[in-house]
Amino acid sequence: MAGKETTDNVSDHETRFLKAFEEYNDALFRHALIRVSNREKAIDIVHDTFTKVWSYLRDGYEIDSFRPFLYKVLNNLIIDEYRKRKEASLDALMEMEGVDEGSFDELSESTVEVLAATIDGKKAFDLLEELPDQYREVIILRFVDQLGPKEISELVEETENIVSVRIHRGLKILRQKIEAKDEYAEERRKAKQKHEKI
Amino acid sequence: MKRFSEQLKIKAESVKLRAAEKRELRERVVSYMEYHPLPAEMKAIKTPAKIVTNKQLAEPFTSFQIPFISIFKYSAFTAVLLLLVVPFVAEKAVPGDALYAVKVQFNEELRSTLTFDTYQKVEWETERLNRRIAEARLLASEGRLTEAAGADVAEAVRVHSANAQREIAELRIEDEDAATIASITLDSTLELQSDSLRGEDELALVDGKTLLTDRPTNLIASAIDEARTPKEDEALSTSTPPAYGKLIARVEQNTTRIYELLSALEGVAPAKDLVEVTRRAEDINRAIEEAVNLYTTDEAEARVRLVTVLQRTQRLITYMTELEVIKTIDIETLIPVVLTESEQDAQKSLLTEELTQKLNLIEGLENRVSDPEVRAKVRFGIAEIDNILIAMSQSTTSLEVFKEVAQSGMDLADDSLLLLEQFVDLSQVTKDDKGTSTTPVDETEEVLIEDLVSTSSDETVLPLTPTDVVDSL
């Protein structure tokens, strides 16, 4: 009877794991792709995420809820990936770590909403790549993966305040970028018109 | 905000794995899982969520477990329920119950089928017949025996007795003696049930709740009688009693059963009934002994006696097993007590004494009558009674004959007393009676009642005491 129970247990673990795979593979891939901007890399990262989680299960740990755990592993792998690349942008990001105090304005969720309302989502998405990863990470988690501030704070191992500030700042940067782009486009258009006139 | 996040989401959702990529990724993960299987010893999961939905099939073949153990468990449970519980519960069903069909068409048929011995088959058919009648009684006692139900029971009685007859006929080919014994058994059962049902009818009539209840039982009784009639002819045609050995074996079997039943009834049935039944059993034992003794001298007679003993044992068994029969019919009418010789002698002497006392009373009274005509008549009566008394004292014949003679003497004495009552001087009689003759007569009466308490005493007319005489005047 004991043997049967354990096999049941094992098959139960397997089914739960595969279920989680079916449920989250797309979301994880999306997140990874936006972060690393490389399709194959993103797939590899998702694969590694699942194999790591599987190994974790094999070690006898229990996973009550797969989603935050998967995101955590994925996030760590993405950071590893950045480290491997040793890109300048990362160094730049690291430098910015110290300024995360945040004003009252930046800490309020409602102001985030007000701010977000002023941004064109479609344009913003295309500009996500240009965002420093520190901001990109939380914005993706917040608006693409639809995680709550608390979940995000657990994931990135920062306080909720810091997460809120990052989201706020990220959105601000996005707006600036959109505005700059718009301005640039406007200028180009005007210049073109001028040129046409001449 | 909503717009932004929605737009962002819509845009983001355009980013997803292509089907091929997804398939490949899945294969990679699954193969990793296969190469790194979970250890057999796993910790219990806190929230075991059963997940079966797995829409995307990775392999062309999918395997699933057939839960043999639970299928077996449930089917075994169902089988037990159907084969053991239901028939067991059904045994108590009466016509009109949902499980009655199970009882009659499954339980009983199964038992018939499983009985291979022809003699046992006859017995079983008899038993079924008894059951049908017992059910009818139960229904009748609850006032549920409708005419239709009664007709059904009557039909069942016909079927079962016909079956029994058929089996007996079959048995006759193999074993003449066994067939005769079987038919004796069947016949005594039928007779008893018929008597009992008729007795019920009478009871019902007495109670006043006549027409409704007596009709179906009558129907059943007539069905039983119908079943009996052809048998009696048959019994006449094969009048030779069965072989001694087989008879005695059967009788032994029946007596054993009687004693078993008796020990089972001890403490359950009222003591009075037990005494009655024990007495019958003793009678039967005596009769068997007599028959055994007779066997050496007169085998044919011994067999005939054993046949009657067999009938008695059968009746006694039916009486003991069919509780309803006890309620409606007196044991004495079913199986009369057979008195031992000493008991017979005691009864004889009692009767003689009684008659002598009456004679003394008559003589005493006669002296007080002045009318010569009456005196002559009484004298003639006295002479007759004297003769009868002499005849009684010399009698060596059976108790029945003795009783008849005694009865005629009693009648004569009573007549004489009646005559004397009209002419005797009343005041003197009353005074005298109280002084002299009343006491001994009363004593006799008491003795008589004590001794005959368990006997039929149909013929025994209690002596007319002087007080009765006075009362009637």
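Of the 473 residues in chain B, 41% are buried (under 20% relative accessible area, with a 1.4 Å probe and protein chains only). The model is predicted, so local features need pLDDT of at least 70 and side-chain atom pairs count only at pLDDT 80 or more, while totals for chains, interfaces and linings use all residues. Residues are numbered from 1 along each chain as its sequence is written, and side-chain values use heavy atoms, without hydrogens and water.

Chain B has 19 helices and zero strands (DSSP runs: H or I of at least four residues, and E of at least two). Further values for chain B are tabulated here.

| Property of chain B | Value |
|---|---|
| Accessible surface (Shrake-Rupley, 1.4 Å probe) | about 26,700 Å² |
| Share of that surface from carbon and sulfur atoms | 58% |
| Contacts (heavy atoms within 4.5 Å) with a separation of 6 or more that join residues 24 or more positions apart | 73% |

A nonpolar core is a set of buried Ala, Val, Leu, Ile, Met, Phe, Trp, Tyr and Cys residues joined through side-chain atoms within 4.5 Å. The largest core has 64 residues, and A:F17, A:F66 and A:L171 touch the most other members. Helix 1 (residues 2-36) of chain A supplies the largest share, 13 residues. Leaving out residues up to four places away in sequence, A:F66 touches A:R16, A:F17, A:A20, A:Y24, A:V53 and A:L57. Another core, of 52 residues, lies apart from it and includes B:I184, B:I248, B:A287 and B:L306.

A:R136, in helix 8 (residues 133-144) of chain A, is buried at a relative accessible area of 7%.

Definitions and conventions
Chains are lettered from A and ligands numbered from 1 in the order in which they are written. Buried means under 20% relative accessible area, exposed over 50%, partly exposed in between (1.4 Å probe, protein chains only).
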